[in-house]
Amino acid sequence: MTKTILTTCPYCGVGCGVNAVVDHSQRSVNIQGDKNHPANFGRLCSKGSALGETIGLKGRLLEPRINGREASWKEALDLVANTLLATLKQYGKDSVAIYGSGQLLTADYYVANKLMKGFIGNANIDTNSRLCMSSSVAGHKRAFGADTVPGCYGDFELADLIVLIGSNTAWCHPVSFQRIRAAKEANPQLKIVVIDPRRTATCDIADLHLPLAAGSDTSLFNGLLHYLAGLGQPTVNAEFIGQHTEGFNAALAAASGTDLGQVATDCLLDPTAVQQFFEWFAATDKVMSLYSQGVNQSTAGTDKVNAIINCHLATGRIGKPGMGPFSLTGQPNAMGGREVGGLAHQLAAHMDFSNPAEIDLVARFWHTDNIPSQGGLPAVVLFDAIYDGKVKAVWIMGTNPVVSLPDANKVKQALQRCEFVVVSDCIADTDTTALAHVLLPAQGWSEKNGTVTNSERRISRQRSLFGGAGNARPDWWIICQVARRMGFAKAFAFAHPVEIFREHAALSGFENHGQRDFDISAFADISLADYDAFQPVQWPVNAAHPKGTARLFADGQFFTASQKAQFIAITPRPPVNLPDADYPLILNTGRLRDQWHTMTRTALASKLNQHKPEPFVEVHPADAQRFGLTPNSLAVIASHWGEMIARVQVTDSQIPGNVFVPMHWTGQYASHGRMGALVNPVVDPISKQPECKHTPVRINSYPAVWHGFILSRQELAISSDHYWVKIKGDQFYRYELAGEHLPDSWQAWAQTQLAGDPQAHWQEYQDSSTGNYRAAQLMDGHLDSIVFIASHNNLPERNWLTTLFVKGELSPQERLALLTGKPPLGVADVGAIVCACFNVGETTLRSAIQTQGLKTPQEVGLCLKAGTNCGSCLPEIKALLG
Ligand code: SF4
């Protein structure tokens with residue numbers, strides 16, 4: 001018996017609706033896009049499509065644990081509550097903290113904030129969303145008086161110019177990217193400009209790419225403002241500026257020196273390209289400016305946001321169909337976190353500590369007199385306080401700061417020093433759970449029940465597909481249980497997430513009178529049946545807008561005291577840490593197409609591990625030559641804060657002097673892959689968002705004396721004194737290896753690493769003069785494991801060998817070919833996987849393009865199906881066609 005349940009994807013801020021066909025007897029699920037969900041209309045990207053592969057129980061945290069041993073919920077909850085109380089009593093209010101996540105559902109987030117800010121009485125609760133979009137929050141607040149995203153996804157189809165700034169939308173918000181691609185195909189007049197130091201997959205649909213110097217965005221948009229003002233009316237909307245804004249002259253004065261030539265100099269751009277962008281922006285009424293982490297993750301992040309908004313205010317292009325600034329949110333519920341005050345300076349329902357009247361309002365609503373008078377410690381400062389011993393107890397929920405925060409080695413040391421570390425997570429073994437005194441098993445995506453809010457303010461339900469695995473519980477339940485034990489039973493008597501949602505909705509409408517943007521008071525009395533049947537809707541949802549609100553600011557009224565939008569005078573400033581002789585390159589970091597955050601879930605899906613299986617560093621050819629790096633070799637990237645090792649990809653998609661590494665690898669999947677260890681811990685002075693896009697680094701060849709790989713049916717305990725990366729495949733694990741020292745005997749080394757069955761049949765080949773060693777273990781004619789070692793990194797392709805693990809008994813030809821690493825004559829190797837949905841590799845694509853004369857992605861799709869499901873690989877298919 002199967003059952004169809006509508007829910008929401010747990011990964012990025014696009015917030016796609018998912019149609020899950022659940023088989024409870026098998027604990028399995030078939031995943032499709034929800035055709036009626038307005039965020040995706042049935043589309044899903046590769047990550048969303050693979051959700052069904054991530055719901056298994058392997059690796060789950062299923063019971064509470066105290067110092068490594070299993071414990072009952074009662075013992076664990078009593079310990080957490082009593083230790084927090086004892087810490088507060090001994091060290092004072094500021095000695096405890098919570099660090100949350102944009103993965104939490106809104107109900108979880110609400111009670112965590114209520115507990116800390118309303119009842120424990122300090123505001124030391126921050127979230128990994130600080131790393132994602134706090135500069136957008138701060139920019140919105142400065143310009144609009146509230147953290148409001150003005151537009152909606154429907155504007156993509158109405159725009160005539162879409163400017164993508166610091167956003168690899170194709171990989172980070174793939175369904176929005178597909179929607180923009182479709183809009184461009186339907187409307188050839190729609191122009192796309194990509195502003196990014198890297199030439200990313202997003203440039204696949206760009207009419208113009210501006211590879212600006214890292215961190216120079218404020219100069220570019222100051223220059224645009226200056227240019228627009230120079231054109232005068234009607235490009236500049238004097239009526240809108242006069243009636244609905246303040247500060248135009250000051251903003252213009254700050255931008256006065258930035259003529260075209262100056263912009264080209266500051267941004268290291270071709271002046272003709274800058275002029276083209278300015279002309280298009282000036283001449284197009286329906287302009288959308290979409291921005292993401294390349295804007296936010298910067299020491300000038302808030303200024304970048306406001307420099308972009310300034311240009312929309314100057315032209316009056318806001319609040320109307322097809323136009324406006326639009327922040328693409330990273331996480332599935334970063335917006336829900338903002339609604340409940342997830343950041344340390346915020347209060348619930350879009351109020352904050354800067355306004356005593358709002359503190360009073362929330363205190364009266366919660367019936368507490370314990371709300372602090374000021375905000376708490378933002379993420380980077382919070383972990384510094386833990387390191388310094390000022391915060392003695394921390395509760396981390398659904399996030400992995402030992403990997404993701406800047407200066408991650410210091411974060412690790414901070415938790416090692418901390419007297420009491422509690423971690424709630426659905427995964428047992430992460431770099432952060434390894435440091436916890438108490439582990440609390442939280443329910444995972446397929447078990448949780450609540451709401452999330454996407455980038456366009458749309459609230460959607462995330463619904464349980466299965467009951468909680470093992471003894472896992474919902475985060476809201478865990479938090480309420482601790483709160484009750486701390487003496488706050490009345491305020492945390494919730495028995496179901498709908499009760500929390502009602503209170504959250506009621507607070508949003510409490511004494512609001514239209515003064516606060518976030519208002520979902522229409523749901524203050526929602527019944528359980530209506531909550532269960534909840535349809536996706538964009539806030540505000542209140543008596544005036546019972547069906548939600550697609551766009552705000554159409555009336556030119558903003559949430560500032562004067563009800564006018566504020567221009568912000570921007571003075572461009574360079575990033576805080578600049579390259580020097582010791583660290584001559586700029587490190588940029590970001591996401592990959594098929595992985596999410598620290599891989600705790602996406603790495604469980606073998607098809608998602610095929611696209612980019614190993615940590616890599618993208619280096620411009622000139623820098624590769626300068627630093628003696630060859631393609632596919634290993635390099636050590638070092639900053640003042642730490643180092644990592646990654647596979648070199650030489651590419652002119654980088655500008656000289658810049659390198660890029662992905663953000664995902666952890667200590668669970670790679671020996672030296674944590675990019676957070678390198679990243680400088682400087683933050684934006686206003687938003688406190690860390691600078692993840694600009695760390696000075698140096699790069700050198702990794703002095704490996706041997707390279708190799710192992711494919712094994714069993715997961716192996718690879719020793720950690722050399723470079724290793726673990727990749728889960730379909731019925732095998734792949735280990736990429738390299739080392740600086742040779743073992744005494746490769747044969748003995750292989751016996752130890754593979755730990756095979758004594759009954760296994762071995763094939764072996766060794767040439768000690770060249771350093772080559774190859775061995776395979778077969779059980780009953782099936783391939784069990786295989787190892788290749790060489791003194792160089794020019795080893796056979798892995799793809800054909802990996803396909804042998806899903807086969808039954810090997811044929812005599814395959815057994816003969818095994819140690820050559822190449823398929824027998826007449827058998828094709830698919831090559832590196834490009835299309836994860838249909839497992840189509842680069843070799844297959846190249847061959848079909850050549851032999852069948854394929855000219856377009858559509859022809860490739862018809863021939864091989866590649867690119868016809870989620871479309872995430874279309875940029876790569878187009879590159880191969882090119
Ligand atoms: Fe999930 Fe992909 Fe949609 Fe993002 S774009 S919500 S990752 S399916």
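This is a predicted model: local features need pLDDT of at least 70, side-chain atom pairs count only at pLDDT 80 or more; totals for chains, interfaces and linings use all residues.
Residues are numbered from 1 along each chain as its sequence is written, and side-chain values use heavy atoms, with hydrogens and water left out.

View 1. Helices (H or I, at least four residues) and strands (E, at least two) are DSSP runs numbered from the N terminus, and two strands pair if DSSP finds at least two bridges between them. Strand S19 (residues 450-453) pairs with S20 in the antiparallel sense over four bridges, and glycine 450 has glutamine 462 of S20 as its bridge partner. The two strands form a hairpin with four residues between them, and arginine 457 in the turn has a positive phi of about 70°. Towards S21, isoleucine 459 has valine 537 as its bridge partner. Strand S20 (residues 458-462) is mostly covered, five of its five residues being buried, where buried means under 20% relative accessible area, exposed over 50% and partly exposed in between (1.4 Å probe, protein chains only). In a regular strand the side chains alternate between the two faces of the sheet. Both faces of S20 are covered, with Arg458, Ser460 and Gln462 buried on one side and Ile459 and Arg461 buried on the other.

View 2. Side chains of opposite charge can pair when their charged atoms come close. With a salt bridge taken as a side-chain nitrogen of Lys or Arg within 4 Å of a carboxyl oxygen of Asp or Glu, the structure holds 40 of them. One of these joins the side chains of glutamate 53 and lysine 607 at 4.0 Å, N to O. Glutamate 53 belongs to the loop between helix H1 (46-49) and strand S4 (65-66), and lysine 607 to the loop between strand S23 (585-590) and strand S24 (616-619), so the pair ties together parts that are 554 residues apart in sequence. Glutamate 53 is partly exposed, with a relative accessible area of 33%, and lysine 607 is also partly exposed, at 27%.

**View 3. Glycine 59 in the loop between H1 and S4.** Glycine 59 has its place in the loop between H1 and S4 and is partly exposed, with a relative accessible area of 42%. Its C-alpha atom is separated by 9.8 Å from that of arginine 601, a residue 542 places away along the chain. Leaving aside neighbours within four places in sequence, glycine 59 is in contact (heavy atoms within 4.5 Å) with Cys426, Ile427, Ala428 and Asp429.

View 4. The side chains of lysine 184 and aspartate 207 meet in a salt bridge of 2.9 Å, N to O. Lysine 184 lies in helix H6 (residues 174-186) and aspartate 207 in the loop between strand S9 (191-195) and strand S10 (208-210), so the pair ties together parts that are 23 residues apart in sequence. Lysine 184 counts as buried at 18% relative accessibility, whereas aspartate 207 is partly exposed at 38%. In a further salt bridge, the closest N and O atoms of glutamate 814 and lysine 807 are 2.4 Å apart; glutamate 814 is buried, at 9%, and lysine 807 is partly exposed, at 36%.

**View 5. The shell of residues around the ligand.** With a residue counted as near if one of its heavy atoms lies within 4 Å, the residues around the ligand include Cys9, Tyr11, Cys12, Lys47, Pro174 and Val175. Helices H1 and H6 each supply at least two residues of this shell. Cysteine 12 counts as buried at 9% relative accessibility.

**View 6. Serine 785 in strand S34.** Serine 785 lies in strand S34 (residues 782-790) and is buried, at 1% relative accessibility. Leaving aside neighbours within four places in sequence, serine 785 is in contact with residues including Leu711, Ser712, Leu754 and Phe805.
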